[in-house]
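I opened a new model today and worked through it by region. My notes follow in the order of looking.

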Amino acid sequence: PDLSDHTRSSGINAEYGGTMNFFVFMVDENGEKELVTAPLESGLILPGVTRQSVLDLTRKWGEFKVTERMLTMPEFIESANNNRILEVFGCGTACMVAPIDSILFEGNDINVPTMDCGAPLSKRLFHELTAIQTGVVDHEWSVSIHS
């Protein structure tokens, strides 16, 4: 996605792309894996069910830090340049979870290794959310209705 217009309007924060919430799976400055997405407080992010489901599932897994905070484009670019970005994806009602392998920002393509490593987090989230929605797995979020 081209984040230039979106980031300019929100002070060069990486918050959303088009109609999707923007998630970055990265290694922070302390070497800890972290999933980052913008907080709701900015007023630009809708409190969607898919966004909350991603946050709830990943927190329940307990495998990495899950943070709702502003991620600036300079921080994103620095992390990408230092090979600390592991995966980037968008989520929303229409797309569920969509891997992103490059971002256009101010005329420059920023390549991210999402597809180089097979988008494991995006795929896992997509499969788990789909399994919950379709009743393949029992989950507290869904109720089976039998006729």
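**Confidence.** I began with pLDDT, the predictor's confidence in each residue, from 0 to 100. The protein chain has a mean pLDDT of 85, and 87% of its residues reach 70 or more. Residues 1–10 stay under 50. For that stretch the model has 28 contacts beyond four places in sequence. I count a contact when heavy atoms lie within 4.5 Å.

**Ground rules.** This is a predicted model, in which local features need pLDDT of at least 70, side-chain atom pairs count only at pLDDT 80 or more, and totals for chains, interfaces and linings use all residues. Residues are numbered from 1 along each chain as its sequence is written, and side-chain values use heavy atoms, with hydrogens and water left out.

**Overall layout.** I listed the elements next. The protein chain has four helices and eight strands. I took both as DSSP runs, numbered from the N terminus: helices are H or I with at least four residues, strands are E with at least two. Read from the N terminus, the order is α-β-β-β-α-β-α-β-β-β-β-α.

Then I checked burial. Of the 147 residues in the protein chain, 45% are buried. My cut-offs for relative accessible area are under 20% for buried, over 50% for exposed, and partly exposed in between (1.4 Å probe, protein chains only). The chain exposes about 8,000 Å², and carbon and sulfur atoms supply 52% of that area. Areas come from the Shrake-Rupley method with a 1.4 Å probe; for residues, only the protein chains shown count as cover. Among contacts with a separation of 6 or more, 65% are between residues 24 or more positions apart.

How many residues of strand β2 are buried? I found eight of eight, over residues 20–27. I then looked for its pairings, where two strands pair if DSSP finds at least two bridges between them. β2 pairs with strand β5 (residues 85–92) in the antiparallel sense, over six bridges. There, V24 has V88 as its bridge partner. β2 also runs antiparallel to β3, joined by five bridges. On that side, M26 is bridged to E34. The hairpin of β2 and β3 has five residues between the strands, and G31 takes a positive phi near 85° in it.

**E34.** I stopped at this glutamate. E34 sits in strand β3 (residues 33–37). Is E34 buried or exposed? It is buried, at a relative accessible area of 4%. Next I asked for its polar contacts: pairs of N or O atoms within 3.5 Å, where within protein one must be able to donate a hydrogen and the other to accept it, and residues adjacent in sequence count only if both atoms are side-chain atoms. The E34 side chain makes one with the side chain of T67, at 2.7 Å. It makes another with the side chain of R69, at 3.4 Å. Beyond four places in sequence, the contacts of E34 include V24, F25, M26 and D28. K65, T67 and R69 are also among them.

**Helix α3.** I went on to residues 73–81. M73, F76, S79 and A80 are buried in this helix. They lie on the same side of α3, because they cover an arc of only 125° around the axis. That arc is taken over the directions from the helix axis to the C-beta atoms. At the N-terminal end, T72 is the cap: a side-chain oxygen lies 3.1 Å from the backbone nitrogen of E75. N83 follows α3.

**Two positive phi values.** Most residues other than glycine have a negative phi. N83 has a positive phi of about 55° although it is not a glycine. N83 lies in the loop between α3 and β5, and N83 is exposed, at 67% relative accessible area. A119, also not a glycine, has a positive phi near 50°. A119 is in the loop between β8 (108–111) and α4. At 0% relative accessibility, A119 is buried.

**E128.** My last entry is in helix α4 (residues 120–134), where E128 is found. E128 is partly exposed, with a relative accessible area of 27%. What does E128 touch, not counting residues up to four places away in sequence? I found L57 and W61. E128 and L57 are 71 residues apart in sequence, and their C-alpha atoms are 8.8 Å apart in space.
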